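Visitor: I am new to this structure and would be grateful for a close look at a single part of it. Please describe that part together with its surroundings.

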Amino acid sequence: MNKIRKICHGLAGLSLITFIVACASDLPVNDEKLVGISNGFKPKELTDSTQLNHLALMIGGFKANVRKFHGRKIFNTMSYDSQIWLSQMIEAVKNDDRIDLEGREYYEQLTILGLRHSILSGTLKSSEFKDVTRFIFSQGPLRIAFRMKESELGPLTLSTEGGEGRQGLSKSPRVPVYFYIYEDDRWKLDLLRMLPIISRAQETIALKKKMTKVNSIIYLLNVVTSKNYGKAIFEPLEF
């Protein structure tokens, strides 16, 4: 079993590295800047250089929050749509049955089943945003994404109209993987655009194994954690 677990970790790691990138280099930031940069200007009123500097500073702070497991600060640096989506995932954990799960996108299935698995194991005990946010950034694809080396990253770029930042791998810098959006006079993480991409590697593994997406997630969770909760993981779960 240990050999199988090591193989699964290796496959997941190699595949995810192919599809995901971490943020820009760690920049020195103080606590006041960890929740984003508020500069009082719209993107179109700033030069590209200034926008990129503000974005890089925000990313440095975001990575610091992830390393320190500051769930509330991470949540506050996510776009509004991403925050709404996360609240919907929390409700799905409490309400979705297997039929509901099967109808969802893979990255949502991964999030819901991952949360349920951690609730059943006693790792996650609260449905508060700060606790759920801390959990999803502390393991799985997002954990790997924010711990990749700077040398594996492409340059930060801006959309032609401004207001959107992007980043890809150093080997394919024109293919964006990370997305940032300018809201309320500051940069935020566009988690909703990022998650489908960084979970694609695991979804590809499911296709190669000719497993349903849901079954592949359960298989991965069971192998990595050595815990199998059977049908309970498909049942609505209050927490």
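Guide: The largest nonpolar core comprises 53 residues, and F137, F146 and L191 have the most contacts inside it. Such a core is a set of buried Ala, Val, Leu, Ile, Met, Phe, Trp, Tyr and Cys residues joined through side-chain atoms within 4.5 Å; buried means under 20% relative accessible area, exposed over 50%, and partly exposed in between, with a 1.4 Å probe and protein chains only. The largest share of this core, seven residues, is supplied by helix α6, which spans residues 106–121. Helix α6 is therefore the part to be examined here, because it gives the core its largest share. The model is predicted: local features need pLDDT of at least 70, side-chain atom pairs count only at pLDDT 80 or more, and totals for chains, interfaces and linings use all residues. Residues are numbered from 1 along each chain as its sequence is written, and side-chain values use heavy atoms, with hydrogens and water left out.

The protein as a whole provides the setting. Its secondary structure comes to eleven helices and four strands; helices (H or I, at least four residues) and strands (E, at least two) are DSSP runs, numbered from the N terminus. Of the 239 residues, 50% count as buried. Among contacts with a separation of 6 or more, 67% are between residues 24 or more positions apart, where contact means heavy atoms within 4.5 Å. L191, named above for its contacts in the core, illustrates this kind of meeting: leaving aside neighbours within four places in sequence, L191 is in contact with M78, S82, W85, I136, F137 and L142.

One partner of α6 is helix α4, made up of residues 80–95. These two helices pack at an angle of about 60°, and their axes are 10 Å apart; the axes are lines fitted to C-alpha atoms, for helices over the stretch in contact, and angles run from 0 to 180 degrees between N-to-C directions. The helices α4 and α6 are therefore oblique to each other, since angles under 35 degrees count as roughly parallel, over 145 as roughly antiparallel, 65 to 115 as roughly perpendicular and the rest as oblique. From α4, W85, M89, A92, V93 and N95 meet Y107, E108, T111, I112, L115, R116 and I119 of α6. By class, this contact has eight nonpolar, two polar and two charged residues; Ala, Val, Leu, Ile, Met, Phe, Trp, Tyr, Cys and Pro count as nonpolar, Asp, Glu, Lys and Arg as charged, and the others, Gly among them, as polar.

E108 counts as buried because its relative accessibility is 12%. Apart from residues up to four places away in sequence, E108 touches W85 and M89.

A further partner of α6 is α11. The angle between α6 and α11 is about 40°, with axes 10 Å apart. That makes α6 oblique to α11. In this contact, Y106, Q109, L110, L113, G114 and H117 of α6 meet K213, V214, S216, I217, I218, L221, N222 and T225 of α11. The residues involved divide into seven nonpolar, six polar and one charged.

N222 is found in helix α11, residues 213–225. With a relative accessible area of 18%, N222 is buried. Residues up to four places away in sequence aside, N222 touches H117, K227 and N228. N222 and H117 are 105 residues apart along the chain, and their C-alpha atoms are separated by 9.3 Å.

Helix α4 also packs against helix α7, residues 129–136, at an angle of about 95° with axes 11 Å apart. That makes α4 roughly perpendicular to α7. Here L86, S87 and I90 in α4 meet F129, V132, T133 and I136 in α7. By class, the contact has five nonpolar, two polar and no charged residues. I136, from α7, is also one of the residues in contact with L191.
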